[in-house]
Amino acid sequence: MFFRDGFFWGMHLIWWVIWLVALGWIFFAPSNWPLQETEEESDALAILKIRFAKGEITKEEYRDQKKILEPDK
């Protein structure tokens, strides 16, 4: 009954397409989208604080750079 009018094969094909698109999205979509930075990562003062906490810069370098980056009050 279903095989003669083509209804079964049409729906079968649609489900295969849906599954292939879903699996393609899961496996081939990039996990790290470009320009997807958090506010903390893009904030210059936050980066400066992280660098100071890691010991990459000295206390004097931190103060000098902080003066440059902070807006005048």
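**View 1. The chain comprises 5 helices and 0 strands.** Helices (H or I, at least four residues) and strands (E, at least two) are DSSP runs numbered from the N terminus. The model is predicted: local features need pLDDT of at least 70, side-chain atom pairs count only at pLDDT 80 or more, and totals for chains, interfaces and linings use all residues. Residues are numbered from 1 along each chain as its sequence is written, and side-chain values use heavy atoms, with hydrogens and water left out. Of the 73 residues of the chain, 5% are buried (under 20% relative accessible area; exposed is over 50%, partly exposed in between; 1.4 Å probe, protein chains only).

**View 2. Helix 4 and helix 5 pack with their axes 10 Å apart.** The angle is about 180°, and the two helices are therefore roughly antiparallel (angles over 145 degrees). Axes are lines fitted to C-alpha atoms over the stretch in contact, and angles run from 0 to 180 degrees between N-to-C directions. Residues in contact (heavy atoms within 4.5 Å) include Leu45 and Leu48 of helix 4 and Gln65 and Leu69 of helix 5.

**View 3. Phe52 and Tyr62 form the 1 aromatic pair found in a search of the whole structure.** Their ring centres are 4.7 Å apart and their planes lie at 25°, so the pair is stacked (centres within 6.5 Å, planes under 30 degrees apart). Phe52 belongs to helix 4 (residues 44-54) and Tyr62 to helix 5 (residues 59-69), so the pair ties together parts 10 residues apart in sequence. Phe52 is partly exposed, at 33% relative accessible area, whereas Tyr62 is buried, at 14%.

Technical notes:
Phe/Tyr/Trp six-rings, centres within 6.5 Å; stacked < 30°, edge-to-face > 60°. Parallel < 35°, antiparallel > 145°, perpendicular 65-115°, else oblique.
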